[in-house]
Amino acid sequence: MKKFKKILSVALSGAILLGFSQITAVSETENQSVYLGGQPFGVKFYNNGVVVINLESYYDGNKYVCPAKEGGIKVNDVIKEVNGETICTNEALQNAAVSSNGETISLTIERDGKELTKNVMPKKNTAGMYLIGAWVRDSCAGIGTITYYDTEKNYFAALGHGICDNDTSLLLPLGSGEAVHANINGVTKSSCGKAGSLNGYFTDSTIGYLIKNTDVGVYGTISDNFSDSERKIEISDNHDIETGSAELYTTIEGEEPQYYSIEITRIVNLNSDCNENFVIKITDEKLMKNCGGIVQGMSGSPIIQNDKLVGAVTHVFLNNPSEGYGITAQNMVTNYSE
């Protein structure tokens, strides 16, 4: 039976309309040690440009129009410039349309990794305001979990998947971002068909600043207030991961993580560009009682087996929230280096 999964993304805010193969690579993590994460963090994420999440027609007094669509703009396009000026906020794009007085504006966009130029002519709505008919998003915020800290290379890794737009599933282009410690003060339990969530608030303590948003995790610099009191642990090679008992190190209350028993039930695909490398099952009675299984916000929670960091949780199966996918720690390390 196919298992429906949900990416454990950080919650987004803004303009809301929320055959198996196994590859054994040469190890890049042999004897490499990092500091174990497990702590919840809040992320303040700002796009590099604005992402088009919807195109909507409006009435101009005679007919329904959508200048953005007529000008060749598509959902998932990232608008980088208006008339040669860099933009990074919803307001900047809106102001450019309003002040155009109906004259054509030139939009520089990114689509599928290519830069294009599109000409759009804003049109008035019935209130007399010039619009282009595009909903865009410039930022997001939410809670996730730190996987590990590498003090030798001065970076942290988290989530095990990228920060994506909830409406379009597009990997958001990173302009800038800050990671801060978070405090968990409640849990919405998962149930069959619905993923729960960790609920909490951001603190003023900075973890670092984001430098990469990738399909297999987010990465950031480590701030000066990092304490090396956290446990140091060796990263496991992919070929050492095996089915059987393991531990999930995560936080479901306050700021301090705890160990919970799980099982790695299946090795799926160890490709380095994939974040669905193996399947885990929650066996800890306390975690099942308090959370109903895996919940949103746990993404990035470290998985330990044989006293080594083997990976992090990334997804929950919606039809069985006691199970989900994990990514290997070696793949997170490899993708940071690329």
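What follows is a chat about salt bridges in a predicted model.

Trainee: Hi! What should I know before I start looking?

Mentor: This is a predicted model, where local features need pLDDT of at least 70 and side-chain atom pairs count only at pLDDT 80 or more, while totals for chains, interfaces and linings use all residues. Residues are numbered from 1 along each chain as its sequence is written, and side-chain values use heavy atoms, with hydrogens and water left out.

Trainee: Okay, which residue does K80 pair with?

Mentor: K80 meets E110 in a salt bridge, at 2.9 Å from N to O. K80 lies in strand 6 (residues 78–82) and E110 in strand 8 (residues 105–111), so the pair ties together parts that are 30 residues apart in sequence. Strands here are DSSP runs of E with at least two residues, numbered from the N terminus.

Trainee: Is K80 buried or exposed?

Mentor: K80 is buried, with a relative accessible area of 17%. Buried means under 20% relative accessible area, exposed means over 50%, and partly exposed is in between, using a 1.4 Å probe and protein chains only.

Trainee: What about D60 and K63?

Mentor: Their side chains meet in a salt bridge too, at 3.8 Å from N to O. D60 is partly exposed with a relative accessible area of 22%, and K63 is partly exposed with 47%.

Trainee: Now R137. Which residues is R137 linked with in a network?

Mentor: R137, D165 and D167 are linked in a network of salt bridges. Within it, the side chains of D165 and R137 meet at 2.2 Å, N to O. D165 lies in the loop between strand 13 (155–158) and strand 14 (174–188) and R137 in strand 12 (residues 134–150), so this pair ties together parts that are 28 residues apart in sequence.

Trainee: Are those two buried or exposed?

Mentor: D165 counts as buried at 2% relative accessibility, and R137 counts as buried at 2% as well.

Trainee: Switching topic: where does V136 lie?

Mentor: V136 lies in strand 12, and V136 is buried, with a relative accessible area of 7%.

Trainee: And how many Å apart are V136 and N119?

Mentor: V136 and N119 are 17 Å apart in space, C-alpha to C-alpha, and 17 residues apart in sequence.

Technical notes
A salt bridge is a side-chain nitrogen of Lys or Arg within 4 Å of a carboxyl oxygen of Asp or Glu. Helices (H or I, at least four residues) and strands (E, at least two) are DSSP runs, numbered from the N terminus.
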